[in-house]
Amino acid sequence: MPDRSVPLCLRPRGVVRGAVLTLVFAGVLATGAATGALPREDGAGEPRPGAGDAAAFDRAALHRAAAEAVADGKSGKQAAEEFVSRSGDRWGAVYDRREYAEFEQSLDGAYTGVGLSAGAAAAERGGTPSGGVRVTRVRDGGPAGRAGVRVGDLLLAVDGRSTEGLSVSETVSLLRGDGVAGSAVVLRVRRGGMTWTQTLRRERLATDPVTVSRPDARTVVIRVAAFSKGVGARVREAVRTAPAGAGVLLDLRGNSGGLVDEAAVAASAFLDGGLVATYDVEGEQRALYAERGGDTGRPLVALIDGGTMSAAELLTGALQDRGRAVTVGSNTFGKGSVQMPSTLPDGSVAELTVGHYRTPAGHDVDGRGIAPDLPADEGAEERARTVLSGLGGGS
């Protein structure tokens, strides 16, 4: 998924399939991806109250602030943004109708943008927040990639507006702009001691989030860039059709997140049912399970890094905690918060954090990430293949 990767957020899409909710995790992508897990709050109705339910109070107060602004002839979206900013909710965000529509369209695997993902600069290694936004991923052949933008570059300004003090969501909104292919966006970029200005033009970009390769007869490499619609089934098919005796190298590096139920389906490729994750929403505990019938015997190594976030962390935690995969690489991003979207009086959509998710062993990912079983930075893929060979797969 493109252009916008804030660390994990879990949020409801309000879609129910039978008794199963369509869950959406995501990184904040400049063209959309966020996360979900509950029925949607559609504006007027106040959330279920409860003792000490700060989240319910916050959403009700948010609706009041937006409604009062609209009644006074002001911007409900702007009032909501100011409210979220004051709330201290690090991952809270507000989208207008167009932005939210584009976000949902991006889950189908296409978007208009410049082909980069952005994350909080200070969150890289869990250090103290220093502000700023960094590039976490660059799409090959996209406008940013052709212009020479690289992973790790700092975005100092977008269209003349400094990113200092802006949330990743706000920066992403600037990157996305009017969402029209061919429109220009001016970036101020810093890399080491160099700072420069770069003008890019947005393009309509299609994504192929799953690539499968077979470097040798005993190795299948499945790279998953994001969990958009249909990705889980594609992972299951890749495992089902892998040669007998071949090991799987599951590459989740730079995976910006996506739909939670797709991550659960992907987990089902390697697990025979059982727990994938637990999460709470306003104090109510819930659980996500894998389907039965997965391949539990095939050697499996998962590659992860600081760009592995949201739904990808959910999948990593399930495979690691249940002893199904050896994880190799570096610490994942670390966002395990749950957001609920609410439609405001002017049609904009606000998200506030209402809970957190945990891995099967009860580990809290938010702000911590997942540590690999075997740390590796340079040469991580080579080391992963060596480990896979030792497990009985690979050359």
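Glu284 is partly exposed in this predicted model, with a relative accessible area of 36%. Its salt-bridge partner is Arg286, and the closest N and O atoms of the two are 3.3 Å apart. Arg286 counts as partly exposed too, at 22% relative accessibility.

- Arg146 sits in helix α4 (residues 143-146), while Glu203 belongs to strand β11 (residues 203-206).
- Is Arg146 buried or exposed? Arg146 is exposed, because its relative accessible area of 54% lies above the 50% cut-off.
- Glu203, on the other hand, counts as partly exposed, with a relative accessibility of 25%.

**A salt bridge within one helix**

- Arg385 and Glu381 form a salt bridge as well, with their closest N and O atoms 3.1 Å apart.
- Where do these two residues lie? Both are in helix α9 (residues 380-390), and because they are four residues apart there, about one helical turn separates them.
- Arg385 counts as partly exposed at 31% relative accessibility, and Glu381 counts as partly exposed at 27%.
- This pair also belongs to a network: salt bridges with shared partners join Arg385 and Glu381 with Arg223, Asp251 and Arg253.

**Two helices packed together**

- Now for a pair of helices: α7 (residues 260-268) packs with α8 (residues 311-321), and their axes are 9 Å apart.
- The angle between the two helices is about 30 degrees, which means α7 is roughly parallel to α8, since angles under 35 degrees count that way.
- The crossing of α7 and α8 is right-handed.
- Which residues make the contact? From α7 come Val260, Ala263, Ala266 and Ala267, and from α8 come Ala311, Leu314 and Leu315.
- Sorted by class, the contact of α7 with α8 has seven nonpolar residues, no polar ones and no charged ones.

How values were computed: Residues are numbered from 1 along each chain as its sequence is written. This is a predicted model: local features need pLDDT of at least 70, side-chain atom pairs count only at pLDDT 80 or more; totals for chains, interfaces and linings use all residues. Side-chain values use heavy atoms; hydrogens and water are left out. Axes are lines fitted to C-alpha atoms, for helices over the stretch in contact, and angles run from 0 to 180 degrees between N-to-C directions. Angles under 35 degrees count as roughly parallel, over 145 as roughly antiparallel, 65 to 115 as roughly perpendicular and the rest as oblique. A crossing is left-handed if the near helix is turned anticlockwise from the far one by less than a right angle, and right-handed if clockwise. Contact means heavy atoms within 4.5 Å. Ala, Val, Leu, Ile, Met, Phe, Trp, Tyr, Cys and Pro count as nonpolar, Asp, Glu, Lys and Arg as charged, and the others, Gly among them, as polar. Buried means under 20% relative accessible area, exposed over 50%, partly exposed in between (1.4 Å probe, protein chains only). A salt bridge is a side-chain nitrogen of Lys or Arg within 4 Å of a carboxyl oxygen of Asp or Glu.
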